[in-house]
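Me: Please take a close look at one part of this model, the place where the two chains meet, and walk me through it in a connected way.

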2 protein chains.
Amino acid sequence: MSAALPPASPPFSTVLDDTIDGPAFSPLYQQIKALLTRSLQGGEWKPGEAIPSEMELAARFKVSQGTVRKAIDELAVDGLVVRRQGKGTFVATHAEEHVQYRFLRLEPDPEGAAGPVERRFLDCRRLRASAEVARALELKLGEPAVQVRRLLLFAGVPVVLDEIWLPGALFKGLTAERLSEYRGPLYALFETEFGVRMLRAEEKIRAVAASAAEAELLAVPEGAPLLSVERRTLTFGDKPVELRRGLYQTATHFYRNELN
Amino acid sequence: MSAALPPASPPFSTVLDDTIDGPAFSPLYQQIKALLTRSLQGGEWKPGEAIPSEMELAARFKVSQGTVRKAIDELAVDGLVVRRQGKGTFVATHAEEHVQYRFLRLEPDPEGAAGPVERRFLDCRRLRASAEVARALELKLGEPAVQVRRLLLFAGVPVVLDEIWLPGALFKGLTAERLSEYRGPLYALFETEFGVRMLRAEEKIRAVAASAAEAELLAVPEGAPLLSVERRTLTFGDKPVELRRGLYQTATHFYRNELN
DNA sequence: GAGTGGTCTAGACCACACT
DNA sequence: GTGTGGTCTAGACCACTCC
């Protein structure tokens, strides 16, 4: 495509229809980004694999390298893809992340020694979605859902009690045994075994008092203040695929957040 | 600067010294970004004002528009600057933000009506920095500091109790009267009256039990779980200029966070 | 219409990783 | 050396804002 000469088709050829809100202008690189996202979602390149080079993609889409580049830049910011200079661009994966827990913002207090992490699965049951779960996961009331409860211990001390809800339709063969034998992050299991990619999440954080059962599991007094972290995890198209309620004991750990 | 011909000075002319860690390569746009940051910090352009156009800056720094553009892009991501198509690029300011509280991630529950915000200043005292305050603000133990305490009410209901610590040297004329007569966000006052720009912040979040005094101010039972949000706010050069401990009542509100 | 940011191109060269 | 992402340039045109 030459910029100096009138191009055969305008460079800003919008693929969208201009019905209601006017032209619905969308830059080329956004359209490329959408195409790449579709390929990622469709599994053309698997997590951990390299996607084609910028030059190849530029040739495929008949645009300049710079335009492909800008599209990939945004995918990288969104965390769908990871760039590695000199090597290529790779599909993001939970399976080989150095940080074990991508979405866990919990850190130990400076004094506390950073001990090994232990996971203890309490149960894994197939239930029907309650009103709350159905709303969060965009299911119908009573549709099948999987509930997983587990405990996270740091240096032997229980710190996180998680209650996880998943759409039953997406997690057919998920069992307590499968969970306890798996090494590595939960999201890696979901990715490799069930093809579900956790891309981003929204959290609502509150302070609550520990119930008797919760207190016992977390080894704190009943009524002790706990951090309640309600996480809704989304995949492609902002489709919710997990509802997780975490209770964090914050005597020895804290939730870290950066604002700007 | 022509790319086709050997340039007089190499385009990647690093301004830094290559002493210890090798060449210390820094892209041109990063150097431009650093220069622009210096100008912002030095007050060459005041908050709310427009900075020169990309073309002007390109001419000033003798680089292409694209290079200036990339520098400004990062400043925009960092929140130091705001781009407005067709109008220009403006120095970020707390004074004319539509969202009143840039760093406050608190939202009302869906049911709760969004009422007007009321601020109630409890006190403003000049004290000496405790060990904790000194460490957080990088002061010496016992150096002068200002303590402000205030209550935030939404629709008449007390929700946030803040205890704010500021370096005394930077906030000479800050008084309770000045605070209570001021309309608008605290950070806007700090910006216009004291020339202190809050650029980013780190928060440590915990769940705690309300003390008797705290409970009374927030109209909750003593021992009720509260969200403790300890914020360290930074200005240019990551210099800490505020330590704030907020206690949030999370029965009617929650702390919202987005992860990706 | 003039000015500003936003998009797009084509081409060159640099830094990094593998072979 | 070859290939990949990363930087830089010069120039064109588009979209938005204001006069």
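Reply: In β11(B), Arg256(B) is the bridge partner of Lys204(A). The strand pairing around these two residues crosses from one chain to the other, for β7 of chain A (residues 200-209) and β11(B) run antiparallel over five bridges; strands here are DSSP runs of E with at least two residues, helices are runs of H or I with at least four, both numbered from the N terminus, and two strands pair if DSSP finds at least two bridges between them. In general, strands of a sheet pair through backbone hydrogen bonds, in either a parallel or an antiparallel sense.

Before going further, note that this is a predicted model, in which local features need pLDDT of at least 70 and side-chain atom pairs count only at pLDDT 80 or more, whereas totals for chains, interfaces and linings use all residues. Residues are numbered from 1 along each chain as its sequence is written, chains are lettered from A and ligands numbered from 1 in the order in which they are written, and side-chain values use heavy atoms, with hydrogens and water left out.

The contact as a whole (heavy atoms within 4.5 Å) draws 30 residues from chain B and 30 residues from chain A. Between them the chains bury about 2800 Å², with 49% of it on carbon and sulfur atoms; buried area is the accessible area, taken with a 1.4 Å probe, that two parts lose on being put together, summed over both. On the side of chain B, the residues that lose the most area to chain A are Arg206(B), Leu259(B) and Asn260(B), together 25% of what that side buries.

Arg206(B) also takes part in a salt bridge with Asp109(A), where the closest N and O atoms are 2.1 Å apart. By the rule used (a side-chain nitrogen of Lys or Arg within 4 Å of a carboxyl oxygen of Asp or Glu), six salt bridges are found across the interface. The count of residue pairs in polar contact between the chains, both at pLDDT 80 or more, is 17; such a contact is a pair of N or O atoms within 3.5 Å, where within protein one must be able to donate a hydrogen and the other to accept it, and residues adjacent in sequence count only if both atoms are side-chain atoms.

On the side of chain B that touches chain A, β8 (200-209), β9 (225-235) and β11 (253-259) each supply at least two residues, and β8(B) gives the most, with 10 residues. That side divides into 14 nonpolar, four polar and 12 charged residues.

Finally, chain B can be laid on chain A with an RMSD of 0.1 Å by a turn of 180° and a shift of 0.0 Å along the axis, so the two copies are related as by a two-fold rotation axis. The same surface serves both copies, since 100% of the contact residues of chain B recur in chain A. The superposition is by least squares on the C-alpha atoms of residues with pLDDT of at least 70 in both copies.

How values were computed:
Ala, Val, Leu, Ile, Met, Phe, Trp, Tyr, Cys and Pro count as nonpolar, Asp, Glu, Lys and Arg as charged, and the others, Gly among them, as polar.
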